[in-house]
There are 2 protein chains.
Amino acid sequence: MAESLAINGIDDSPRGRLLSAAAHLFRDKGFDRTTVRDIAASVGIQSGSIFHHFKTKEDILYAVMEEVIHFNTARLRDAVAAESSAQGQLRALIRAELQSIVGDTAEAMTVMVTEWRCLSEEKQRKALELRSIYEQLWLDALQALHEQGAFKTDPFIMRRLLTGMTGWAPNWFDRDGSLTLDNLADIMLARVVGENP
Amino acid sequence: MAESLAINGIDDSPRGRLLSAAAHLFRDKGFDRTTVRDIAASVGIQSGSIFHHFKTKEDILYAVMEEVIHFNTARLRDAVAAESSAQGQLRALIRAELQSIVGDTAEAMTVMVTEWRCLSEEKQRKALELRSIYEQLWLDALQALHEQGAFKTDPFIMRRLLTGMTGWAPNWFDRDGSLTLDNLADIMLARVVGENP
DNA sequence: GTCTATACTGCGATAGAC
DNA sequence: GTCTATCGCAGTATAGAC
């Protein structure tokens with residue numbers, strides 16, 4: 001628990017520590033199998049005290065997702081802004097998403113994918129809306145490449161294939177292995193533009 | 001519940017109907033949020049009666065996965081056997097996996113992916129072992145293509161990218177839409193061999 | 001803002017009759 | 001093989017003191 005500072009893109013306030021601990025537990029055991037007692041214990045308070053910070057357990061889950069969406073949308077925007085060519089932008093997007101998904105915000109991102117259905121319909125809708133800016137950044141870059149003739153497949157479908165590829169990475173990618181994150185990004189980029197690494 | 005016959009690759013015995021109902025509920029609400037009372041109600045018996053067929057709720061989950069692994073391993077084997085070229089085999093594998101994952105065994109397959117961690121470590125190990133034949137069929141075909149120079153990326157990595165692409169499909173693919181399953185298979189195949197549909 | 005104590009609910013699983 | 005009835009437990013959330 002020592003180095004939870006700013007991990008998951010969440011700041012080091014009491015609320016932030018609670019969210020980081022929750023993200024960690026939700027990813028390890030899933031939302032349903034994580035109890036408020038677990039979360040409380042991992043930040044050193046009693047279970048009843050949780051409800052001073054969040055009204056319900058589900059609100060904690062939503063807050064984790066909200067934070068990570070905001071953090072990574074900003075990162076994606078920066079990634080795109082730093083590149084001028086469409087292909088450079090797509091490479092930057094893939095790198096940024098991989099970074100978020102197997103790197104610094106891995107726990108919260110995995111939670112967003114795997115515990116999505118634990119949100120009420122209303123909160124799912126709200127989170128999807130936050131997420132739409134994030135997706136638009138992808139679609140803009142893919143659309144540009146598509147218009148340049150870099151690939152023939154519909155950009156929407158291509159985005160979904162990429163979502164699958166990056167989203168599955170936490171299940172196998174080893175950050176300490178010989179394959180670097182940038183290597184992997186290039187391999188994925190080649191699936192789109194048809195080069196061959 | 002009328003047409004649950006042989007859906008999910010499970011036969012129409014009392015046990016089979018129980019497993020189909022469980023697969024449906026597990027996929028809809030997740031394992032943890034599905035109660036034995038839910039499962040019992042959906043086949044028209046009382047909750048206590050469930051435990052005549054299965055010792056624990058977790059055993060039901062394991063049985064669902066066991067059945068779907070066996071069924072789809074057989075399907076994959078047939079798919080490979082019907083093709084002579086490595087590329088034809090890979091296309092057949094992708095089609096078969098898509099069929100299993102968004103088609104007739106969609107519920108059980110989704111459950112296998114999303115509720116994996118709800119199995120005890122011991123049952124996870126057993127299921128992984130069953131699954132290894134399935135994976136070997138993929139690796140053999142990819143290895144052959146790799147040796148022919150059809151792509152440069154490590155076949156193990158390529159398999160993982162494909163796993164991600166097919167595994168994400170249930171979240172967006174519309175079986176009643178204009179994109180057919182075979183279209184999608186060809187689009188995915190092109191991500192591997194570098195053609196451009 | 002955290003504590004203690006507890007109300008309330010719903011779960012998995014069992015026992016024994018039929 | 002299904003029923004009824006119920007046990008024992010764990011979980012979220014609340015109340016009120018400090």
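Predicted model: local features only at pLDDT ≥ 70, side-chain atom pairs only at ≥ 80, totals over all residues.
Two residues count as in contact if their C-beta atoms, placed from the backbone, lie within 7 Å.

Residues are numbered from 1 along each chain as its sequence is written, and chains are lettered from A and ligands numbered from 1 in the order in which they are written.

**A helix under cover**

The cover over the buried residues of α6(B) includes α1 (14-29), α4 and α5 (86-102) of chain B. Helices here are DSSP runs (H or I, at least four residues), numbered from the N terminus, and strands would be E runs of at least two. A residue is buried if 20 or more other C-beta atoms lie within 10 Å of its own, exposed if 12 or fewer, and partly exposed in between. How many of the 9 residues of α6(B) are buried? The count is 8 of the 9, so α6 (residues 106-114) of chain B is largely enclosed by the rest of the structure. Those buried residues are Ala106(B), Glu107(B), Ala108(B), Met109(B), Thr110(B), Val111(B), Met112(B) and Thr114(B).

Leaving out residues up to four places away in sequence, Ser100(B) touches Asn72(B), Arg75(B), Thr105(B) and Met109(B); Met109(B) is one of the buried residues of α6(B). Ser100(B) and Asn8(B) are 92 residues apart along the chain, yet their C-alpha atoms are separated by 8.6 Å.

**How the helices pack**

Axes are lines fitted to C-alpha atoms, for helices over the stretch in contact, and angles run from 0 to 180 degrees between N-to-C directions.

| Pair | Angle | Axis separation |
|---|---|---|
| α4 (57-81) and α7 (121-147) of chain B | about 15° | 10 Å |
| α1 (14-29) and α6 (106-114) of chain A | about 55° | 8 Å |
| α5(B) and α9 (181-193) of chain B | about 130° | 9 Å |

Angles under 35 degrees count as roughly parallel, over 145 as roughly antiparallel, 65 to 115 as roughly perpendicular and the rest as oblique. So α4(B) and α7(B) are roughly parallel to each other, α1(A) and α6(A) are oblique, and α5(B) and α9(B) are oblique as well.

As for handedness, a crossing is left-handed if the near helix is turned anticlockwise from the far one by less than a right angle, and right-handed if clockwise. α4(B) passes α7(B) in a left-handed crossing. The contact includes Tyr62(B), Met65(B) and Ile69(B) from α4(B), and Leu130(B), Ile133(B) and Tyr134(B) from α7(B). By class, this contact has 11 nonpolar, 2 polar and 4 charged residues. (Ala, Val, Leu, Ile, Met, Phe, Trp, Tyr, Cys and Pro count as nonpolar, Asp, Glu, Lys and Arg as charged, and the others, Gly among them, as polar.)

The crossing of α1(A) and α6(A) is left-handed. Here Ala23(A), His24(A), Phe26(A) and Arg27(A) of α1(A) meet Glu107(A), Ala108(A), Thr110(A) and Val111(A) of α6(A).

For α5(B) and α9(B), the crossing is right-handed. Among the residues in this contact are Leu90(B), Ile94(B) and Leu98(B) of α5(B), plus Leu184(B), Met188(B) and Leu189(B) of α9(B). They divide into 11 nonpolar, 2 polar and 3 charged.

**Where the chains meet**

Between the chains, 21 residues of chain A are in contact with 21 residues of chain B. On the chain A side, α8 (155-168) and α9 (181-193) are the elements giving two or more residues. The largest share, 8 residues, comes from α8(A). By class, the chain A side has 8 nonpolar, 7 polar and 6 charged residues.

**Around the DNA**

A residue is near a strand or molecule if its C-beta atom, placed from the backbone, lies within 6 Å of it. Which residues are closest to DNA strand D? Of the 14 that surround it, the closest are Thr35(A), Gly48(A), Gln46(B), Gly48(B) and His52(B). α2 (36-43) of chain A and α3 (47-53) of chain B are the elements that give two or more residues to this surface, and α3(B) gives the most, with 3 residues.

DNA strand C is also surrounded by 14 residues, the closest being Gln46(A), Gly48(A), His52(A), Thr35(B) and Gly48(B). The largest share of the surface near DNA strand C, 3 residues, comes from α3(B).
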